[in-house]
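User: I have not looked at this one before. Can you walk me through it?
Analyst: Here it is.

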Amino acid sequence: MIKKCKVIINNEAVTVIRFGNIEVQIPSIHKKADYVNVLYENGKYKIVDGDYKDNLTKNCNAKKDNKKTTAVNESK
């Protein structure tokens, strides 16, 4: 799940964000930001870009190459 979260503390050592009603401390993002996009997956929090799409979305939108070969019976 990707969520836009408010940055509460941001210094050289750590960044603290509010993910819903939970405050999460992560390593510093080394940039000034009021909000960041956070991916929560398998119990871990990760900062992602605004245009990031998770694996589920990528797999649903992926085009499949249907390379089918047919055998033609040419026994004349």
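Analyst: One definition to begin with: buried means under 20% relative accessible area, exposed over 50%, and partly exposed in between (1.4 Å probe, protein chains only). This is a predicted model, where local features need pLDDT of at least 70, side-chain atom pairs count only at pLDDT 80 or more, and totals for chains, interfaces and linings use all residues. Residues are numbered from 1 along each chain as its sequence is written, and side-chain values use heavy atoms, with hydrogens and water left out.

User: Is Arg-18 buried, exposed or partly exposed, then, and what is its relative accessible area?
Analyst: Arg-18 is partly exposed, at 38%. Its side chain meets that of Glu-23 in a salt bridge, 2.7 Å from N to O. A salt bridge here is a side-chain nitrogen of Lys or Arg within 4 Å of a carboxyl oxygen of Asp or Glu.

User: How many salt bridges by that rule?
Analyst: The count is one.

User: What's the order of the elements in the chain?
Analyst: From the N terminus the order is β-β-β-β-β-α, that is, five strands and one helix. Helices (H or I, at least four residues) and strands (E, at least two) are DSSP runs, numbered from the N terminus.

User: Where is confidence lowest, and where is it highest?
Analyst: Helix H1 (residues 55–61) is lowest with a mean of 55, and strand E2 (residues 14–19) is highest at 95. Those values are pLDDT, the predictor's confidence in each residue, from 0 to 100. The chain has a mean of 83, with 78% of its residues at 70 or more.

User: Which residues make up the largest nonpolar core?
Analyst: Ten residues: Cys-5, Val-7, Ile-17, Phe-19, Val-24, Ile-26, Ile-29, Ala-33, Val-36 and Val-38. Strands E1 (2–10), E2, E3 (22–27) and E4 (35–41) each give two or more residues to this core. A nonpolar core is a set of buried Ala, Val, Leu, Ile, Met, Phe, Trp, Tyr and Cys residues joined through side-chain atoms within 4.5 Å.

User: Different topic. Where does Thr-15 lie?
Analyst: Thr-15 lies in strand E2. Thr-15 is buried, with a relative accessible area of 0%. A polar atom of its side chain lies 3.2 Å from the backbone nitrogen of Ile-29.

User: And what is Ile-29 in contact with?
Analyst: Leaving aside neighbours within four places in sequence, Ile-29 is in contact with Asn-10, Thr-15, Val-36 and Ile-47. Contact means heavy atoms within 4.5 Å.

Notes
Polar contact = N/O pair within 3.5 Å; in protein donor to acceptor, adjacent residues only side chain to side chain.
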